[in-house]
Structures are given as structure tokens and as C-alpha cells.
Amino acid sequence: MRPPRPAEDDRPVLVLGPNPTPNGGMHLGHIAGPYLAGDVYARYQRARGRKVVFSTGTDDSQTFVVASARRLGVEPDELCRTSTELIREALTAIGISFDGFGPFDETYQATVQDYFRALHAAGKFRLRTVRMPYLERTGEFLVEGLVEGECPVCLATCRGGLCETCCHPNNFDELLNPRSTVDPSDIPTVRETTILVLPMEEYREQLTAYHEQWSSYWRPHLVQMVRDVLSRPLQDLPITYPLAWGMPAPFPETPGQVLNAWLELIPAGMYTSSYAAAQLGRRTTPGQLWLPEEDTRIVHFLGFDNAYFFALAHMALLMAHGQKYLRPEWVLTNEFYELESEKFSTSKRHVLSVQELLAELPRDPARLYLALTAPEYQRTTFSRTGLDKVTRERLVEPWNRLAEILGKFAANGADTVLPVSDTGRKRAATMLERFDFHYEMPNYSLNRCADLILTQIGRLGRLAESLEGRGPDCEPAAWGDLILQVRALLALSAPILIDLADTARQAGGFTGVLAPGAFEMDEVTAFAPPLLSLTASGG
Ligand SMILES: [Zn+2]
């Protein structure tokens with residue numbers, strides 16, 4: 001099957017951002033990655049008149065919570081609570097339009113456990129005795145966020161379970177030179193333990209077929225990683241771990257063990273999408289929106305560092321469920337975002353939180369800059385100088401100049417209804433087509449959309465300056481053509497410049513659905529577009 005052309009694909013859309021780990025707040029690296037990408041995509045799909053459910057929620061079961069809590073000297077539960085508040089505050093502040101942020105509650109836990117219980121009952125898991133790093137002093141096994149060492153595939157420093165550099169799994173005792181992340185001088189021994197695993201090798205054929213179907217539409221780094229993983233023996237996927245933190249694994253063979261927290265994320269997505277749908281007025285049981293009869297397109301936005309789980313492990317688990325659930329169609333990855341060409345690091349205090357940035361700058365220019373520099377294909381960096389230059393010289397100043405010319409024109413002939421020429425309609429249609437190309441799969445790109453906005457502001461600004469001073473009677477169609485295109489630009493930049501669009505909408509700047517033909521009108525009314533600012537209101 002070839003993916004349908006999105007322009008003709010009006011199926012409902014489930015958009016998922018990765019579940020943020022509540023072991024701290026949110027910095028700009030998180031936002032410039034999957035959250036802004038998911039938000040802009042969801043906003044555009046809504047503007048196209050499609051049913052959208054955009055959801056996330058925290059993944060409190062991760063060992064990263066425990067490791068961070070120990071380093072901070074607080075209880076993990078307390079860290080989850082305070083971090084979840086900071087995360088929700090940051091997402092709201094920057095305008096990430098989740099329809100629902102699923103709380104980590106009993107329904108979450110029941111959904112996750114039912115998802116694994118069904119696979120267990122169907123005999124999909126195997127018991128394996130494996131060797132894992134063990135701290136004699138504390139009597140605990142070290143996995144994932146609790147252990148650090150060198151990746152056996154690329155030799156970069158990484159955590160247990162997955163290398164965030166090459167994105168290959170490292171399971172059990174494969175990590176080289178393992179040490180505790182809480183106290184690196186705590187050198188573990190190795191002990192045997194018996195856990196449940198999913199034999200990934202049994203899904204090789206299905207995984208290969210799935211990736212052959214989609215690989216020409218995914219970003220190259222993801223495709224390369226998947227090919228690399230599939231070119232080697234597929235490692236058993238740990239389903240349970242002998243840990244004290246996490247969700248209890250409901251299986252008799254592994255008493256006292258917990259579920260591998262990374263693997264919660266698909267049932268968590270089923271839970272959060274159902275939670276979000278309820279916020280929109282549709283009550284469903286968790287998982288219902290993922291059934292084939294819902295005929296939904298599922299779009300996942302995530303960082304490359306987690307891509308092994310989303311593109312392989314989670315897919316194998318969905319395949320183990322047979323044909324019961326839909327599989328994500330689009331898995332869109334991003335690379336790391338840096339701060340002044342250096343990795344964001346909470347421990348080194350090299351971070352810029354969303355809240356800190358928005359204390360200085362309104363969110364529209366912030367979103368535009370993050371979209372323009374988002375790390376879609378390679379590492380990119382947030383630069384203060386770059387932010388100042390781009391937002392002032394390419395966004396705010398030229399937009400405000402354009403808005404002022406139109407404002408003056410509107411003030412001189414209030415409610416002037418102007419004719420639009422065929423050329424004006426064609427230009428607006430070209431804008432719609434170009435934006436649509438980059439707001440849609442497979443060419444979805446925040447970078448391209450942000451650049452299109454800036455390019456069109458520049459072009460329409462020059463057009464406005466050429467008409468400035470000539471009244472409405474002089475060349476009414478020229479003014480009409482310009483105003484139609486400015487309306488088109490406001491509508492098309494609305495997924496990124498959200499506050500500008502809201503203000504313009506209230507002022508009658510544009511209405512309706514962004515379907516093809518949206519700007520095929522014979523006349524427009526003059527209006528004063530709102531201005532942009534570089535000064536944060538309220539500090
Ligand atoms: Zn590696």
C-alpha cells in the first residue's frame with residue numbers, strides 16, 4: 001500500500017507527542033523538537049477542517065525519575081508532581097495545543113497493564129535468565145536511567161537500554177564499563193535474574209515489510225538506523241525488570257517485577273488520545289481510537305534518541321497484538337537542539353527554560369524562531385544573536401511596516417470593499433499550495449514553513465510599499481490583491497504565529513477552513529492587521 005496523498009486524505013488524525021519524563025522542567029530543546037512540530041501539525045490539520053486528537057501525558061514510570069530524584073535528594077513522587085506542573089506550565093505558555101494532557105492515574109495504569117496482559121495471555125512473551133549490572137551495596141539492579149557506560153555499538157557514553165547517539169539498544173550486561181548514574185564511583189557487579197522478554201527476531205519479517213512500506217517517507221537518519229538494526233540479529237526486548245520503581249508487571253512468573261517503562265508509551269498513547277477525545281466531547285474506551293474501524297491516521301513526533309522504541313520495539317509489540325490495532329503511519333523524528341552550540345544540560349546549568357525565554361519575548365516570535373531553527377535533519381542551535389536578528393529584521397519590523405501601510409489605508413476608507421483580480425487569486429492560491437506542501441506529510445517541515453512566512457512577509461511588504469500613498473480609487477484591484485494575500489498569509493501562518501492569528505481573526509482578518517479554493521474570492525474588505533511586538537507583556 002502506498003500512503004494516500006494527504007491533500008485528499010480527510011481521515012481523522014491522532015497526533016502524539018512523546019510523553020515527557022517528569023524529572024525536571026522543559027527547556028527549549030524539548031519544545032523545538034517534537035512538541036512544536038506536533039503542535040503546528042495539529043493546528044494545520046484542524047485548520048483543514050479535519051478531526052484531530054492531539055495528546056500527551058507524563059511517563060512517571062521511568063528510572064530517569066529515580067536517578068534525578070536521588071541526585072536532587074527528593075522523593076521520586078515529589079519530583080514527578082513538581083515536574084509535571086512545570087511541564088504543563090511550559091507547554092501552555094508556548095501554546096502547545098494539546099486537546100488533552102492525560103494524568104498519570106488509575107486508568108493510565110489499567111490501560112497499560114491490560115495491553116501487556118493480553119500479550120501475556122496470548123503467549124507472546126518468553127522467560128529468559130539474563131545477566132544485569134547489580135549494586136551489591138544497595139541490593140538493586142541497574143538499568144536504563146540508573147546506569148551509564150559505553151555503547152557496545154558506537155562506544156559513545158550512554159544509559160542502559162538505549163544509546164541516544166546511535167539509537168541501538170543495549171540490553172542486560174552489554175553496556176561497557178557500567179557505573180551508577182547516582183554515584184559514578186559505585187561500580188556494579190553482575191547478577192543473573194529471570195525476566196520476561198519479547199523475542200523481537202520473530203517479528204523480523206513484519207518489521208521489515210512495515211519499514212519497506214514507509215521508509216521512503218521518513219527522515220533519512222531514522223531510516224538509516226532502522227536498516228542498521230535490522231541488519232543485525234534482533235535483540236530480545238525486556239518486558240519486565242527487577243526494579244522497585246515502575247508499574248507492577250501483572251505476571252505470575254515475575255513476582256515483584258515492573259514493566260519496562262519505555263514500552264508503556266503506546267498504551268499510554270491509547271490512553272491519552274482517549275482522554276483528549278473526552279475533552280473534545282467524545283467518550284471512548286482507551287484503545288478504541290486505535291482500532292482499524294476508526295480509520296485514523298496516527299502521527300508520532302519524537303526525538304531521534306528514542307526512535308528505536310517507536311520505530312521497532314513498539315511496532316513489534318503492536319504486531320504481537322495481531323491486527324487488533326492500527327499502526328502509526330508517520331513517525332517524524334528530530335535531532336538534538338543545542339543552546340549556543342552546546343548541548344542543553346541541566347546538571348551543568350546550561351539550559352534555557354520556556355518560561356525564561358517567554359519572560360523576555362512574546363511567544364509568536366519565539367515560536368517562529370524555534371520553527372525556523374528546529375533540528376529536523378541535523379543538530380541545530382538556539383542562538384541569542386540569531387534570535388534577535390531574525391525576529392527583528394525578518395519578522396517584526398517588516399510585518400509591522402506592512403501592517404501600518406494597510407492600517408493607514410483602512411483608516412482612510414473604512415470598510416472599503418475592494419475587487420480582487422485573477423492575478424491576486426492566483427497568488428493567494430500559490431501561497432496556499434506552497435504552505436500546504438510543507439504543512440503536510442511527507443514534506444512536513446517547520447523550517448520550510450517558518451521560512452515561507454518570512455519570505456512572504458518580505459514580498460508583501462515590498463508590494464505594499466509600492467502602493468503606499470496611492471488611495472483606494474487609484475488602483476482598487478491592486479490593493480484588493482494585496483489585502484487578499486495578507487489575509488492568506490495570516491491564515492497560513494496561524495499554526496506558528498498563533499497570537500497574531502487570533503487577534504486578526506477577532507478583527508475579521510480571515511475566517512473559514514483552509515481547504516483548496518479558500519481564497520477564491522471576488523472582493524475583500526480593507527482591514528488593519530495587528531502588530532507584532534518583541535517585548536514580553538507582563539514580564
Ligand atoms: Zn551507540
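Two strands count as paired here if DSSP finds at least two bridges between them. The model is predicted, and the tour starts from one such bridge.

Select Gly57 and Gly102. Gly102 is the bridge partner of Gly57 in strand E3. Now widen the selection to strand E2, residues 52-57, and strand E3, residues 100-102. E2 and E3 pair in the parallel sense, over 3 bridges.

Next, show the whole sheet. This open sheet has 5 strands with parallel pairing, and its order is E3-E2-E1-E15-E16. E3 and E16 stand at the edges; each has a single partner strand, so one side of each is left without a neighbour in the sheet. On average, neighbouring strands are turned by 20° against each other, direction ignored.

Select residues 28-47 for helix H1, which lies across E1 (13-16), E2, E15 (297-303) and E16. H1 runs at about 155° to E15. Then select residues 265-279 for helix H7, which lies across E1, E2 and E3 and runs at about 125° to E2.

Now zoom out and colour by domain: domain 1 is 6-116 + 261-354, domain 2 is 124-259 and domain 3 is 359-525. The centres of domain 1 and domain 2, taken over C-alpha atoms, are 21 Å apart. Their contact takes 34 residues from domain 1 and 34 residues from domain 2.

On the domain 1 side of this contact, select H2 (63-72), H4 (106-121), H8 (307-320) and E16 (330-334), the elements that each give two or more residues. Which element provides the largest share of that side? H8 does, with 10 residues. By class, the domain 1 side has 22 nonpolar, 6 polar and 6 charged residues.

Methods:
Residues are numbered from 1 along each chain as its sequence is written. This is a predicted model: local features need pLDDT of at least 70, side-chain atom pairs count only at pLDDT 80 or more; totals for chains, interfaces and linings use all residues. Domain bounds come from an automatic or database domain assignment. Two residues are in contact if their C-beta atoms, placed from the backbone, lie within 7 Å. Helices (H or I, at least four residues) and strands (E, at least two) are DSSP runs, numbered from the N terminus. Ala, Val, Leu, Ile, Met, Phe, Trp, Tyr, Cys and Pro count as nonpolar, Asp, Glu, Lys and Arg as charged, and the others, Gly among them, as polar. Axes are lines fitted to C-alpha atoms, for helices over the stretch in contact, and angles run from 0 to 180 degrees between N-to-C directions.
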